Structure formats: C-alpha cells, structure tokens
Amino acid sequence: MDPLSTLKQIREIIKKTNDRALVELILELQKDVFAIESHNLRLAAELGNLRRQLDLLVRMHARPPFGYYFQDRDDVPFCPKCWESCGKRIHLPAPEPSGNRIRRDCPVCKETYWEPAITNGGSRAHHA
C-alpha cells in the first residue's frame, strides 16, 4: 500500500477517536509524509533534467576539419562558442560565400566563422 492511501485510512480512523495527542501526532506525521513526497517529486524532476543534459553531452562531438560541433544524426553544425561557453545548442546558418571564403555567423553570439571556399583536409575554420 502506498503512504498516501495509508494516511487516508488513518485519517478516517482518527475521526473516531477522542485522543487529542494521538490526533495531533498523526496530523504532524501526515504533514511530514506530504513534505517528503513533494521533495521526492522535485528530486525526480531534477534527475530527469540531469539525465537529459548528460545524454546531450554524450551525443555532441567536435568534428574536423573546422571544429564545429555536431550531434549524432544531425549534419547541421552547432556554434562552438555558444556550446563551449554556456552549453547552448545553436545551429549555425547555411554557409554564405564572401569573396574567396565562406562564412557562417552565429545568430545568438554573433561570432563569425570562416571556411575556405574549397576545403581541403588540412584546413580549419577560424573565427573573428
């Protein structure tokens, strides 16, 4: 039987008693059980949130040649500055040609990332 059902049964029983001290003790116990249940719910919610955060950390990887972050099964890069500084998953927009290079501008932190127009294995993007 769960504690809340037991407390409901006890409440019905104490309605029939004249022992004031017993009633007060049982009511105090009931408040404590409700406080514990409430705390348990908060902890369960916090645990769920921490599990989601851990899952995200496991799925996020830096990938060469530009050092952008990617999640499993997502080929759109995330902003390295946003991810590394505050854990925000901000997709970078599609690359835009700019002269003989390509740029991506983070819509949140406004960091600019540059890539060569023709990428070769050893090159890396840098940011301004």
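**Reading the surface, core and salt bridges**

Reply: Happy to! This is a predicted model. Let's start at the surface: Leu 57 has a relative accessible area of 52%, so this residue counts as exposed. Leu 57 is part of helix H2, residues 20-59.

Me: Which residues make up the largest nonpolar core?

Reply: That core has 9 residues, among them Phe 66, Tyr 68, Phe 70, Cys 79 and Leu 92. A second, separate core has 5 residues, including Leu 56 and Trp 83.

Me: On to charges. How many salt bridges does a search of the whole structure find?

Reply: The search finds 8. For a salt bridge, look for a side-chain nitrogen of Lys or Arg within 4 Å of a carboxyl oxygen of Asp or Glu. Arg 59 and Asp 55 meet this way at 3.0 Å, N to O. Both lie in helix H2, and because they are 4 residues apart, about one helical turn separates them.

Me: What does the salt bridge between Arg 63 and Asp 75 tie together?

Reply: Their closest N and O atoms are 3.9 Å apart. Arg 63 lies in strand E1 and Asp 75 in the loop between strand E2 and helix H3, so the pair ties together parts 12 residues apart in sequence. Asp 75 is exposed at 65% relative accessible area, while Arg 63 is partly exposed at 37%.

Notes: Residues are numbered from 1 along each chain as its sequence is written. This is a predicted model: local features need pLDDT of at least 70, side-chain atom pairs count only at pLDDT 80 or more; totals for chains, interfaces and linings use all residues. Side-chain values use heavy atoms; hydrogens and water are left out. Helices (H or I, at least four residues) and strands (E, at least two) are DSSP runs, numbered from the N terminus. Buried means under 20% relative accessible area, exposed over 50%, partly exposed in between (1.4 Å probe, protein chains only). A nonpolar core is a set of buried Ala, Val, Leu, Ile, Met, Phe, Trp, Tyr and Cys residues joined through side-chain atoms within 4.5 Å.
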